[in-house]
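Subject: A structure for you to look at

Hi there,

I am passing a structure on to you, together with some notes on what turned up in it. Have a look at it first, and then read on.

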Amino acid sequence: MAEWAAMKRLLVRVWRGGEQGLYHRFRVPREANQTVLDVVTYIQQRLDPTLSYRFACRVGMCGSCAMTVNGIARWTCRTHVAKVARDDRLEIGPLRNLPVIKDLVTDMSGFFDKWARAGGQMVPTATRKDALARVPPDSRERRAADAGIECIGCGVCYASCDVVSWNPDYLGPAALNRAWTLVNDVRDGARLDRLRAVAGDAGCHACHTHLSCTERCPKHLSPTAAIAGLKRATALAALKGEL
Amino acid sequence: MSARAETRLWIAQRASAVALALCVVVHLVVIIYAMRGGLSAAEILGRTRGNVGWAAFYTVFVLAAAVHAPIGLRAIAMEWLGWRGRSLSIAMHLAALGLAVLGLRAVWAVFA
């Protein structure tokens, strides 16, 4: 008991409910090297087993644990409490710009549907009988694709984007980043279809270059640069009369 | 609106922005230069009346603004008011026409 009293604790407010709901307060022991995901897991395992949240890999690979932490979208498994807590307080909520299913779990289906709408699937030009494509690692296209290829689909950029909140049809930074990696994939055969899919007021031309996505991306990608690339590529295609 | 039309609008706004950037710089330099001898209508008209060069410059300036501003207003109207479709397109064409007519009338007034 004395040990509990002496223990340093965090005051954590956690969103409970769906679109309508309220923040519940929990006291969680403060540990060294504690991550925000550790805090949520402690609450679910020790204080309230009805708390819903999503995670899988715990090492920043799967992109499933993103939440809003003290007002900012973050991957919680790689976010240390020491970095984000203010006066030992945390406020943890679901990601913005996505429908809330329950507590910290959002419905990501609209987010991924937009990847498909942005032409996120590669359309191969070769068959299994053809030789492997040779893509020089230092070619311009390969370097442009490399810059965006490490996206883990966590939705942090999408939740941080004001244009998404103003225009629900906007494809968003992650889907457009994916499209740009494929536009630069020399093996892909659907370049013009993809450029048509990403042009317009629901696509790359809606971006205001606020850079929130680039600022918040936990993988330090720049969807803004990808979107700028799509603007250039669609403009060139339009000037050539290809769009 | 189609991907091609949207992309063309984007190109038009970027191209008109380039023209406006140059025009605004020239315009500001002239304002500062013109103020040195005191600002008077007579001095301005002395510079612009019958001067084809200034008339051409300000015609380009007006047309660039008439192209640039409505495309930006259109984006704001779509995002903030949820206004879309044909009525928005008509309104923005009218805005472009209004800017062009008022601007060119002013250019003519200081040229003729």
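To start with, are α3(B) and α4(B) roughly parallel or roughly antiparallel to each other? Helices here are DSSP runs of H or I with at least four residues, strands are runs of E with at least two, and both are numbered from the N terminus. α3(B) and α4(B), the latter covering residues 85–111 of chain B, have axes 9 Å apart and pack at an angle of about 160°. They are therefore roughly antiparallel, a term for angles over 145 degrees, while under 35 counts as roughly parallel, 65 to 115 as roughly perpendicular and the rest as oblique. Axes are lines fitted to C-alpha atoms, for helices over the stretch in contact, and angles run from 0 to 180 degrees between N-to-C directions.

A word on the source: the model is predicted, so local features need pLDDT of at least 70 and side-chain atom pairs count only at pLDDT 80 or more, whereas totals for chains, interfaces and linings use all residues. Residues are numbered from 1 along each chain as its sequence is written, with chains lettered from A and ligands numbered from 1 in the order in which they are written.

Now to chain A, which has 11 helices and seven strands. Of its 243 residues, 44% are buried, that is, with 20 or more other C-beta atoms within 10 Å of their own C-beta, placed from the backbone (12 or fewer is exposed, in between partly exposed).

Five strands of chain A make an open sheet in the order β2-β1-β5-β3-β4, with mixed pairing; two strands pair if DSSP finds at least two bridges between them. β2 and β4 (72–75) are the edge strands, each pairing on one side only. β1(A) (residues 9–17) and β2(A) (residues 21–29) run antiparallel and are joined by nine bridges, with three residues between them in a hairpin. Here Arg16(A) has Leu22(A) as its bridge partner. With β5(A) (residues 89–93), β1(A) pairs in the parallel sense over four bridges, and Leu11(A) is partnered by Arg89(A). β3(A) (residues 66–69) runs antiparallel to β5(A), with two bridges, and Val69(A) stands opposite Ile92(A). Helix α2(A) (residues 36–47) packs on the sheet, touching β1, β2, β3 and β5 of chain A.

Elsewhere in chain A, the axes of α8(A) (residues 173–183) and α9(A) (residues 191–198) come within 10 Å and cross at roughly 155°. That makes these two helices roughly antiparallel, and their crossing is left-handed.

Finally, where do the chains meet? The contact takes 12 residues from chain A and 10 residues from chain B, where two residues are in contact if their C-beta atoms, placed from the backbone, lie within 7 Å. On the chain B side, α1 (3–35) and α3 (52–81) each supply at least two residues, and α1(B) gives the largest share, seven residues. That side divides into five nonpolar, one polar and four charged residues.

Enjoy exploring it!

Best wishes

Conventions: Nonpolar A, V, L, I, M, F, W, Y, C, P; charged D, E, K, R; others polar. Left-handed = near helix turned anticlockwise from the far one by under 90°.
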